[in-house]
Structures are given as structure tokens and as C-alpha cells.
Amino acid sequence: MELIHVIVAGSAVLMASIGAYGVASSRNLVRQLLSVEVMFNAVILLLLVMLSSQPSLATLLTIVLISVVTGEIVVVVALLISMYRATRSLTSEPLQEAMV
Amino acid sequence: MADSLLISLALLASLLSLALAFLIVYVRDLIYASGMLALLGGLTAGIAALLGYYLVAAFIIIIYVGAAVMFIIISVSMLGGGGAEERVNPRGLLLGLVTLLGLGFVVFRSPLEVGSVPVAIEVGEVAGELLIRYAPVVILLMVALAATIIEAIAVARR
């Protein structure tokens, strides 16, 4: 690995762990979505570094990944708006109570 | 000289990305956190460009930051910025540590060979593969995204 790959991969691993911490430590659903997006940015960087010997494949995979994540964001935000209208809350407690 | 400049820029962008990721998780106001996510997307695009992936960098800026993250910012602004929230620190710390160790082990012990920097990408080759070799994937992706948007509109209007 070149030094630039080590720097980018190292920061991506740290970023993914920060995102994982954010997902597990917060009960606010918007904060959890933002933390998942932090992890997504880390995944993009890892993908680009790990597949740098096949740059065309890395480019294709990243473009498909970004498209899928964009769709995921649209659905999750729509669900959050719908949930906020029903419960006037953005935390996960009303969901847990509804599931019981 | 060019290599040291490239490495310095990558180091600076990586450190800024880490600081922004930390702030996204910790800052109290969700509107500020969403804005920082846009900045993080911009830095990710910058790092992709430093590695030579100019097409990916443009795609991240246009689609991810320009559409998806802006959608999050506008929605969060409509819902309100949030306030104090209860933190579950031990569980989060444990998951963060497991992710750090597991992912770090997989990445730095991976037998994958990495190429040189910057990578050489032929845009025509990528477009050709996308439109010919992976055409079924692209069609499925378009159908899935269209269905996703219809589903999102239906959920939000309910």
C-alpha cells in the first residue's frame, strides 16, 4: 500500500467506527440516519482505495452505491416525516412501544 | 514534490473528515449536523479526486451532496433542529470499538493489491461497461429508484 492509501483507509476505518458509535449511542432517528451517512462516506473511501487496481470497477460500483443510497435516504426521510406527523417525536421510543 | 503535496492534501482532508464526522455525531442541533454532512460529502469527493477518481467525485457532489444531503437538510429544517437527547454511551462505545478493530483488521490484512495514485480511468470505458455489460443492472437500478421515489411520495402524503 502507498502512504496515501494508508492515510485514506485509516481515516475511513476511524470514520466508520465514529458512525457506528453514533448509530448505537443515540435514540434520535435523524441522528442515526446522519451517522449511517457518515459510515456510507467511509465505505465510499474504502471501496475506492481497496479497488484501486481495478479503477473502472471501483467507479462503477461507487456510482451504483451512491444511486442506491440516494433512494434509501429519500425513503427514510419520508418515513421520518410520516412518523413525526403521527407521534410528534423523532426518537425511537414510540416505535418500540408500537412494536410491543 | 508532487507526491508530498498529494499526501499533505490527503492527510489534511482526512483529518478534516474525521473532525466533521465527530461533530456530526456530537453537535446538538441536527440542522448544523446535516450541514456538516454536506461538508463531509464534499471532502469525500475531494479525496476521491485526489486518488484520481474524477467521475466519482463529480457524481458525489452532484447526486449525493447536491440532491440527497440537501433533501436531508431541508427536511430536518422543516421538522426542527432537535434538542437535548439521551445518550447510550456504553453500547455506542462497544460497537464503535468492534467496528474499528474488525474493519481495521479486514482492511489492513486484506490480500487485495492496490494500484498507483492517481488511477487512470477511461470515461468511455466506464460508460461502455455501464451501458453494455452492466445494462441489466442499470435498468434494474432505474426501476428501483423510480419505485423508491413513488413509495417515498406515497409515505409522505399519508
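Residues are numbered from 1 along each chain as its sequence is written, and chains are lettered from A and ligands numbered from 1 in the order in which they are written. Because the model is predicted, local features need a pLDDT of at least 70 and side-chain atom pairs count only at pLDDT 80 or more, while totals for chains, interfaces and linings use all residues.

Chain A has four helices and zero strands, and its pattern along the sequence is α-α-α-α. Helices (H or I, at least four residues) and strands (E, at least two) are DSSP runs, numbered from the N terminus. The radius of gyration of chain A, taken over C-alpha atoms, is 17 Å, whereas a compact globule of 100 residues would have a value near 13 Å. That globule value follows a rule of 2.2 Å times the number of residues to the power 0.38. The C-alpha trace of chain A spans about 50 × 25 × 20 Å along its principal axes.

The average for chain A is 88, and 98% of the residues score at least 70.

Of the 100 residues of chain A, 57% count as buried. A residue is buried if 20 or more other C-beta atoms lie within 10 Å of its own, exposed if 12 or fewer, and partly exposed in between, with C-beta atoms placed from the backbone. Among the contacts in chain A with a separation of 6 or more, 46% involve residues 24 or more positions apart.

Two residues in the loop between α3 and α4 of chain A deserve attention. One of them is Arg88(A), whose phi is near 60 degrees, a positive value in a residue other than glycine. Most residues other than glycine have a negative phi. Arg88(A) counts as exposed because it has 8 C-beta neighbours inside 10 Å. Ser92(A) lies in the loop between α3 and α4 as well, and it is partly exposed because 14 other C-beta atoms lie within 10 Å. Leaving aside neighbours within four places in sequence, Ser92(A) is in contact with Arg27(A) and Leu29(A). Ser92(A) and Arg27(A) are 65 residues apart in sequence, yet their C-alpha atoms are 5.7 Å apart in space.

Chain B has six helices and zero strands, in the order α-α-α-α-α-α. Along the principal axes, the C-alpha atoms of chain B fill a box of roughly 45 × 40 × 30 Å. In chain B, 25% of the 158 residues count as buried, and 63% of the contacts between residues at least 6 apart in sequence join residues at least 24 apart. The domain assignment gives domain 1 (1-83) and domain 2 (120-158); such bounds come from an automatic or database domain assignment. The centres of these two domains, taken over C-alpha atoms, are separated by 23 Å.

The chains meet where 76 residues of chain B are in contact with 60 residues of chain A. On the side of chain B that touches chain A, two or more residues come from each of α1 (2-26), α2 (30-50), α3 (54-79), α4 (89-108), α5 (123-133) and α6 (135-157) of chain B. The helix that gives the most is α3(B), with 13 residues. By class, this side has 52 nonpolar, 15 polar and nine charged residues; Ala, Val, Leu, Ile, Met, Phe, Trp, Tyr, Cys and Pro count as nonpolar, Asp, Glu, Lys and Arg as charged, and the others, Gly among them, as polar.

Leu145(B), in helix α6 of chain B, touches Ser67(A) and Gly71(A), not counting residues up to four places away in sequence. Leu145(B) counts as partly exposed because it has 15 C-beta neighbours inside 10 Å.

The largest nonpolar core has 68 residues, of which Val8(A), Leu48(A) and Ile24(B) touch the most other members. Such a core is a set of buried Ala, Val, Leu, Ile, Met, Phe, Trp, Tyr and Cys residues joined through C-beta atoms within 7 Å.

Methods. Contact = placed C-beta atoms within 7 Å. pLDDT = per-residue confidence, 0-100.
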